[in-house]
Amino acid sequence: MTMKEAMNRRHTVRKYREIPIPAEIIRQLSRRMEAHNKRDHLAIRLMTEDAGAFPAAVRLFLAKGVRNYFIMAGGDQPELDERLGYCGADLMLYAQTLGLNTWWAGGTYNHKKMAEAAAGARVIGVIAAGYGAVQGKPHKTKKPEEVSSYMGTAPKWFQSGVEAALLAPTALGRQAFLIKGEKDQVSICCDNGIFTGADKGLVKYHFELGAGTENFTWVSEV
C-alpha cells in the first residue's frame, strides 16, 4: 500500500482489538519515529502494550483496547505544534501502510501521565495505533471551495492537494483552514484555537502528498 492509498483508506478508529503489534512492525514504526525526532529535534515516543494513554473513563466508553500509542512531544521551539502535526500525519499514514489503524487524540488523553512519560518535553496529543475493532468510516468534510481559493483557474495539482487536505484529521472535525494558491505559490492559514498549530501541520502534510511538492512552494501569504 502506498502512502497515497493509505491516505484514502485511513479513518479515525477509537476502539481496538487486544492483539499485540508484531515486533517487526514495532521496529519499523520506531525507525520512522526516530527519523522524525532526529530531523525536527522532537521527542516523540512510541509506547507499546501500555494502557495509560487515556483516563479510565475514556478507556471504558471511547478508547477501548488502546495499548499502543505515540506520545507527540517536543522541546520548546518555533512552530512545535505544527511540526508535530506534520510528523504525526506521516506516522499515521505509514502505520496504515503496515495494516494498522490510528486515532489522533488532541484533548482526551491522560495529560498528567503523558507529561511524566515525555520527561520534560511538551505534549500536544497522542496517536493511538493498533488493529481496529472496525476500520472506521470517512469523516464529514467541507466542499473544496469552502476551504480553498486559487487566483485564476486552479491546476490539477492544486485541486488534488485540496482534496487530500480534506482527508486530514482536524480537531473536532472543524476543518478550520484556508488554502490559497497563485501560480506555483501556496499559503495556508488555520484558526482552531489551541489546536491551530497541530491542525496546520496535519493539513500541510496531506496537501503535499496530494499535490506533489515538486509542483509548488509554500509561502506565508498569497
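This is a predicted model: local features need pLDDT of at least 70, side-chain atom pairs count only at pLDDT 80 or more; totals for chains, interfaces and linings use all residues.
A residue counts as buried when its relative accessible area is under 20%. By that cut-off C190, at 16% relative accessibility, is buried. The chain has 222 residues, and its secondary structure comes to eight helices and eight strands.

**Overall shape and packing**

- The radius of gyration of the chain is 17 Å, which agrees with the value near 17 Å for a compact globule of 222 residues.
- Along its principal axes, the C-alpha trace spans about 50 × 35 × 30 Å.
- Buried residues make up 51% of the 222 in the chain.
- Taking contacts between residues at least 6 apart in sequence, 74% of them join residues at least 24 apart.

**The largest pocket**

- The space in the largest pocket amounts to about 730 Å³.
- Its lining has 29 residues, and those closest to the centre of the pocket are T12, R14, W103, W104 and T170.
- By type, the lining residues divide into 15 nonpolar, nine polar and five charged.
- Strand β3 (101-105) and helix α8 (196-211) each supply at least two residues of this lining.

**The cysteines**

- There are zero disulfides in the structure.
- For C189, the closest cysteine sulfur is that of C190, at 7.7 Å, which is too far for a bond, because a disulfide needs two cysteine sulfur atoms within 2.5 Å.
- Accessibility separates the two: C189 counts as partly exposed at 42%, whereas C190 counts as buried at 16%.

**I21, in a loop between two helices**

- I21 lies in the loop that runs between α1 (3-9) and α2 (23-40).
- With a relative accessibility of 10%, I21 counts as buried, so it falls below the 20% cut-off.
- Setting aside neighbours within four places in sequence, the contacts of I21 are I26, N68, L100, A129, G130 and Y131.
- I21 and K64 are 43 residues apart along the chain, and 16 Å separates their C-alpha atoms.

- Q175 has its place in the loop between α7 (156-165) and β6 (177-182).
- Its relative accessible area is 2%, so Q175 is buried.
- Beyond its neighbours within four places in sequence, Q175 is in contact with H139, K140, T141, K142, V147, L166 and T170.
- One of these contacts, T170, is also among the residues closest to the centre of the largest pocket.

**G181, within strand β6**

- Strand β6 is where G181 is found.
- G181 is buried as well, with a relative accessible area of 4%.
- Although G181 and Y150 are 31 residues apart along the chain, their C-alpha atoms are separated by 4.5 Å.
- Y150 is also among the residues that G181 touches, together with S149, M151, F158, V186 and V222, when residues up to four places away in sequence are not counted.

Definitions and conventions: Residues are numbered from 1 along each chain as its sequence is written. Side-chain values use heavy atoms; hydrogens and water are left out. Buried means under 20% relative accessible area, exposed over 50%, partly exposed in between (1.4 Å probe, protein chains only). On a 1 Å grid over the protein atoms alone, a cavity is a set of points where a 1.4 Å probe fits but cannot get out, and a pocket is an open set with protein on both sides within 12 Å along at least five of seven lines; lining residues have an atom within 4 Å of a point. Grid points are joined across faces, edges and corners, and a volume is the space filled by probe spheres set on the points. Helices (H or I, at least four residues) and strands (E, at least two) are DSSP runs, numbered from the N terminus. Ala, Val, Leu, Ile, Met, Phe, Trp, Tyr, Cys and Pro count as nonpolar, Asp, Glu, Lys and Arg as charged, and the others, Gly among them, as polar. Contact means heavy atoms within 4.5 Å. The radius of gyration is taken over C-alpha atoms; the globule rule is 2.2 Å times the number of residues to the power 0.38.
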